[in-house]
Amino acid sequence: QVRLVESGGGLVQPGGSLRLSCTASGSSFSRYAMGWYRQAPGKQRESVAVISSGGNTNYVDSVKGRFAISRDNVKNTVYLQMNSLKREDTAVYYCKMLGSTYWGQGTQVTVSS
């Protein structure tokens with residue numbers, strides 16, 4: 001059983017930055033690709049960023065150049081650095097261990113002035 005715990009969400013003004021963290025329990029973290037997803041009110045959950053076990057990354061077009069995903073396999077943690085935030089980035093952000101059924105509980109990000 002794996003538990004994923006997100007943190008770092010909050011309220012930020014447009015143009016601001018936040019860093020989300022997701023820490024996994026257990027010893028299998030380094031073997032899995034990890035992803036950040038988000039779900040805005042009334043919309044479907046979408047993939048935002050993915051990082052492979054080897055560190056390769058991929059992003060949805062709407063966040064390219066603004067968001068950066070990274071991982072620390074010693075700390076069993078994946079990060080999402082979010083810069084130049086826009087109102088349309090407002091959503092609940094979730095992390096997921098790809099290839100598994102494990103999701104975090106979500107953390108709210110609100111971009112508003």
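**View 1. Arg38 and its salt bridge with Glu46**. Arg38 is buried, with a relative accessible area of 7% (buried, under 20%; exposed, over 50%; partly exposed, in between; 1.4 Å probe, protein chains only). Its partner Glu46 is partly exposed at 31%, and the closest N and O atoms of the two residues are 2.7 Å apart in this predicted model. A salt bridge here is a side-chain nitrogen of Lys or Arg within 4 Å of a carboxyl oxygen of Asp or Glu.

**View 2. The salt bridge of Arg66 and Asp89**. The closest N and O atoms lie 2.8 Å apart. Arg66 is in the loop between strands E6 (57-59) and E7, and Asp89 in the loop between E8 and E9, 23 residues apart; strands are DSSP runs of at least two residues, numbered from the N terminus. Both residues are buried, and Arg38, Glu46, Arg66 and Asp89 are linked in a network of salt bridges.

**View 3. The disulfide of Cys22 and Cys95**. The sulfur atoms are 1.9 Å apart (disulfide cut-off, within 2.5 Å). The link is right-handed, with 50° about the S-S bond. Cys22 belongs to strand E3 and Cys95 to strand E9, so the pair ties together parts 73 residues apart in sequence.

**Notes.** Residues are numbered from 1 along each chain as its sequence is written. The model is predicted, with local features requiring pLDDT of at least 70 and side-chain atom pairs counted only at pLDDT 80 or more, whereas totals for chains, interfaces and linings use all residues, and side-chain values use heavy atoms, with hydrogens and water left out.

Conventions. Helix = DSSP H or I, 4+ residues; strand = E, 2+ residues; numbered from the N terminus.
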